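I opened this notebook to record what I looked up in the structure. The entries are kept in the order in which I made them.

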Amino acid sequence: MLQEGAHGKWTISSSDESAEENSDSEKPCTSSISDAACGTTSGPQYPCSEARKAAHKRKASPLKLTDKSLSTETPPAVKQRPSQEGSGWCLSSSDEEPEDEQKHAHREPVKEEKYGAPKEHPLNLCKDDKLSDNLKEEEYNETSSQAQDIWDLVNGGNPFRFFLTKVSGIEQSYNSGALHIKDILSPLFGTLISSAQFNYCIDVGWLVRQYPQEFRKKPLLIVHGEKRESKAELMAQARPYENISFCQAKLDIAFGTHHTKMMLLLYEEGLRVVIHTSNLIAEDWHQKTQGMWLSPLYPRLPNGASGSAGESATNFKSDLISYLTAYSSPALKEWINLIQEHDLSETRVYLLGSTPGRYQGSDKEKWGHLRLRKLLKEHVLSIPAQESWPLVGQFSSIGSMGADGSKWLCSEFQESLEAAGSSVTTFRKCDVPIHLVYPTVNNVRQSLEGYPAGGSLPYSIQTAQKQLWLHSYFHKWSAEVTGRTHAIPHIKTYMRLSPDFQKIAWFLVTSANLSKAAWGALEKNGSQLMIRSYELGVLFLPSAFGLDKGYFHVGRKKLPEGKDSATYFPVPYDLPPEQYGSKDQPWIWNIPYTDAPDTHGNMWVPS
């Protein structure tokens, strides 16, 4: 919980405020980015959040704990003020609402340019020991035996087709059964004809290098949400590549982002869909906990097949086409037609998306948390002693939740997550236990990346200090079960578990963080759902895997082989989650941490 700590009490001047919390808390800055010269600190060569830019800066210019010149310095964006009894973390009375902050972000881009950081890949520019981590990120090359393992993995006994990404720096056995982006794009998975990459933060040069040499000139469509200067930067990145085209996702509602992370891969042998949680930048595939669902290889339907052919029991094909249609983009029409021509009947997951808009009537249940509510009511068995089955939400960013739980979290959002069967039981406010898993300052400090890992956890002090009530729900990140306790999570997962944490009623992996922008918020007395952002995830339900008892078992380190494997779901972190202790604080990216060094001996001063 936020409280007075070793940093004292801080106030943030309005001119330096972040404008992130109203969207997904990962809103990119649209300021222009200059090239990095050797030994200087300038921004990454792709649009990204202020939090990520701060992480780039600290990676390039680390502040050692012994650096006397900085030990007593107040960061420029943060002013210390005298202690006030019981005030905790607080802002001065001049501080503005998030809406105003966003307007300032557009009116005064110069203020935000000062958060420069090193270029993501300055490998051609200079040989600098500080940048050796980037070299490591580029060096993923599989051996032939690893390639065979990957082939067996994807085509063998993983009925859920749910995978984590490989993590550098952990015991190698924990990467068995995990995938790097180069594995996904490998010729082993198919002979690529063309592909589409839907994402939020994209380093075009790096992305191209993840494709095998023989596929690098195949048509590639990049679906993004950039506007203005950041759109121009994205286009500039792609100028050397004649095979790349773009689709700009419409974001007509303020503070929305194109946060969906999906790959569509068309092969000579068929079609594959990958729905995942990683940005298309090196650091997201290096030392973070990320997840993905990898579809089977979908074969092409015979010529003349009916329009409804190739549908799955989960309605995945028509739901995917509906999602793509929501972009209203001619560039996606070709992909909609291709999906129509393939057999997706083997799919066993449900698609759960968000698209920006204000929805009424039956459209309300097409997207966001009301879509989850509908699926759970239709396909999940009613749970005995239902109110004692906890909800777990795990995420990497947090939006503004309101003055208390009744405003959204413990009302409409909880009602959707606790839906099951046709039951209309509504429990009193937060009767169902809610466990929210979000990294502590110590989780970040002790991580493989050290403090810069916090650049992908953009929870700001402006948002946090308005919702101290939320922090009583927080639980630490711990993933001994997958060897990833020190790989900071960028994955987002939600599930409903039995009171002993041994059974799972449902499991969702998604791009959606804990925010109204991602999940939607009811308006007009509940008659309208308003969603700001694009999000995408897949829902695993026991009924779709032939389990009539209504639950999965929580998977162990060694999953059973054979026919029972579909009963054990591989949750990627430790259960039950451990609640924050009295000294634990949630990671907040835009305040300094100078009392204890991270795993690289550095401090965190974000500005």
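This is a predicted model: local features need pLDDT of at least 70, side-chain atom pairs count only at pLDDT 80 or more; totals for chains, interfaces and linings use all residues.

Entry 1. Residues are numbered from 1 along each chain as its sequence is written, and side-chain values use heavy atoms, with hydrogens and water left out.

Entry 2. I looked up the active site: the unreviewed UniProt entry assigns this annotation to His-259 and His-490, and such annotations may be inferred rather than shown by experiment. They span 232 residues in sequence, yet no two of their C-alpha atoms are more than 12.6 Å apart, so they gather at one spot.

Entry 3. I placed His-259 in the loop between β7 (244-248) and β8 (262-267); strands are DSSP runs (E, at least two residues), numbered from the N terminus. His-259 is buried, with a relative accessible area of 0%; buried means under 20% relative accessible area (1.4 Å probe, protein chains only).

Entry 4. I found His-490 in the loop between β17 (488-489) and β18 (492-497), also buried at 0%. The His-490 side chain reaches the backbone oxygen of Thr-277 at 2.9 Å.

Entry 5. I turned to strand β9 (residues 270-276): seven of its seven residues are buried, so the strand is largely enclosed by the rest of the structure. β8 and β9 pair in the antiparallel sense over six bridges; pairing requires at least two DSSP bridges between two strands. Leu-266 stands opposite Leu-271 in β9.

Key:
Helices (H or I, at least four residues) and strands (E, at least two) are DSSP runs, numbered from the N terminus. Buried means under 20% relative accessible area, exposed over 50%, partly exposed in between (1.4 Å probe, protein chains only). A polar contact is a pair of N or O atoms within 3.5 Å; within protein, one must be able to donate a hydrogen and the other to accept it, and residues adjacent in sequence count only if both atoms are side-chain atoms.
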